[in-house]
Amino acid sequence: MKVTKRGGALLGPTAGLIAALTVFAGGGAVGEFSAKIPKKAGAWTATGEDRIYDRNTLYDYMDGGAEVYLAFDYREVWSRKYADPGGRELVLDIYDMGSPAEAFGIFSCDREDPAAGIGQESEYGFGLLRFRQGRYFVTVTASSEDEAVGKVILELGRDVVKHLGPPGPGPDMLAFLPAAGVRADRTSYFHSQVNLNNRFFVSSENILQLDRSTDCLFAEVEARSGEAAFLLLTRYPDEAKAGAARRSFLAGYAPEAGADGLARTDNGKWVFASLAGRFLAVVFESPTAEWASDLVSSLPLPKK
Amino acid sequence: MKHSLTRRDFLKGTTSALLGASLAFGREGPAKKARVVLIRHRDVLDENSKVNADILQGMLDESVARLVDQPDGAKAFQALVKPGETVGIKTNVWSYLPTPPELEAAIKRRLVDAGIAPEKIGLDDHTVRTNPLFVNATSLINVRPCRTHYLAGMSGCIKNYIMFGESQPFYHPDSCADLGALFKLPQVQGKTRLNILCVLTPQFHGRGPHHFSRRFVWNYKGLIVGQDPVAVDTIGLQLIMAKRREVLGKAQELPPVPKHIQLADTRHGIGTSDLNAIEFIKLGWDEDILI
């Protein structure tokens, strides 16, 4: 099947060599999927040309959502459509996120459904399969769904994962989470404001000064029986940027907080912003000031 | 003064008020309220969500007539456009949830009734910048379905004009904050006669930036019409938030921050996002109306 690379010039020899050298050992160029991925899935058959969109052309594929991927180290997406004899459509997208940590990130930002047992982590619900494997993030989508379509989606997912290479490690930031009380399936990793606000709305302005140079972990932590508090742990490029972000956050979100970074919010909960080197830990919805402080103190953060 | 909407506003229960309220402190209020009409009909969709074109035509006629205080749809469109004009209908072709063709046809029919030659009516989405009928248009009709959007919070009438921009990514930074500027482009400014936010089957939630699922749309069976795109989207956002509150819970009431609606008012001045400055008229079926 012909593959169409959308827009942008093809890589020149030098750029191609650099790209080849920087590719994670577990995979290859996404264009190879056209030959590897089965063109039939049950009664569904691949239709049209396979498409590839890189960082410059992703806008051609996404309706205003490309930034969500571009906020990660997204490289390319390989996309194929399947149709059944009745004309219903499935869309398979395989995103090369540049590294397993980034694939974890895009997967982790939007989890709602039960696990599907495909790849390193997965979920399936109502015609949408999402999973990650190595540096790849994969979605299989049907706009209308029934039990039979669901089976085809899961079968296709199991076929695809065979071609994605070995598993890879998640972000190193995961090691800095509290030892207990964290809901792993609600922990998200990202870099930018757009991902934070989709996961947990903080502010309409970028008061935490997030961008692609920042690494963020957002976790739900059990504070009391049946209650969750929220931890946002951000690693900035240096201590000065972390300090500036803390000042900006407190000014925009909790201007009444003192030097300790603590403030009681209108719902009776506490917000706490604390610096540790180039890390900024913010606790939202803490039941008490002490609990927030203890949580941050318990984080196994590196000394530098 | 730059006002930042935060989670704390949300926790205080003031989010809806803030999102619906103009924050242009010190600005004089509009002399006349922006009228927005919501019309619903129980039978406009059948059990398979197929559109009844006749009922939809009636909904369009009744709502636009009420909007501009005319006795019927034909006269209402005569009040919006003049014979001899070239009119562009800016539609939306997103494959999963496009503007229903029955609605496009209903608009065209009334434009012809108003004296617009069929060959002078453009219907387009992605190529409006170069389509001669839009290049030469003296009036525009803005129509699209209402849905949440991963980046902008909501795709409504304001965002529908992004195809008039030379570069779409140019309008994406900061949660698409400056979409309101599209209405000041030379090809657009002063030409929009009617905004129609189709809420026959709105989408209240999405999973990722590129996803559509039937589980997140519902048969609301309505149209929201107005001459002020900001006021129309402000009402649309109230509907989306109400549905999210009902299905997803209070904690997920707010889609990704739809700040562009408020900023279209306070920064770009193309309409009002102040609920107090909107005359909201509801017609027709009121079961599960939510707003």
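## A bridge between the chains

The side chains of E205(A) and K259(B) pair up in a salt bridge, with N to O at 3.5 Å. Keep in mind that this is a predicted model. Across the interface of chain B and chain A, the rule finds four salt bridges.

## The wider interface

On the chain B side, 35 residues touch 45 residues of chain A. Putting the two chains together buries about 3,400 Å², and carbon and sulfur atoms account for 52% of that area.

## Helices α8 and α9 of chain B

K259(B) takes us to helix α9 (residues 259-266) of chain B, which packs with helix α8 (residues 229-247) of chain B: their axes come within 10 Å and cross at roughly 150°. Angles over 145 degrees count as roughly antiparallel, so that is the label for α8(B) and α9(B). The crossing is left-handed.

Who does the touching? From α8(B) it's V230(B), D233(B), T234(B) and L237(B), and from α9(B) it's I261(B), A264(B) and D265(B). Sorted by class, this contact has four nonpolar, one polar and two charged residues.

## Helices α3 and α5 of chain B

Another packed pair in chain B is helix α3 (residues 53-67) with helix α5 (residues 101-113), at an angle of about 55° and with axes 9 Å apart. That makes α3(B) and α5(B) oblique to each other, and their crossing is right-handed.

Here α3(B) brings A53(B), L56(B), Q57(B), L60(B) and D61(B), while α5(B) brings E102(B), L103(B), A106(B), I107(B), R109(B) and R110(B). The class tally for this contact is six nonpolar, one polar and four charged residues.

Definitions and conventions: Residues are numbered from 1 along each chain as its sequence is written. Chains are lettered from A and ligands numbered from 1 in the order in which they are written. This is a predicted model: local features need pLDDT of at least 70, side-chain atom pairs count only at pLDDT 80 or more; totals for chains, interfaces and linings use all residues. Side-chain values use heavy atoms; hydrogens and water are left out. Axes are lines fitted to C-alpha atoms, for helices over the stretch in contact, and angles run from 0 to 180 degrees between N-to-C directions. Helices (H or I, at least four residues) and strands (E, at least two) are DSSP runs, numbered from the N terminus. Angles under 35 degrees count as roughly parallel, over 145 as roughly antiparallel, 65 to 115 as roughly perpendicular and the rest as oblique. A crossing is left-handed if the near helix is turned anticlockwise from the far one by less than a right angle, and right-handed if clockwise. Contact means heavy atoms within 4.5 Å. Ala, Val, Leu, Ile, Met, Phe, Trp, Tyr, Cys and Pro count as nonpolar, Asp, Glu, Lys and Arg as charged, and the others, Gly among them, as polar. Buried area is the accessible area (1.4 Å probe) that two parts lose on being put together, summed over both.
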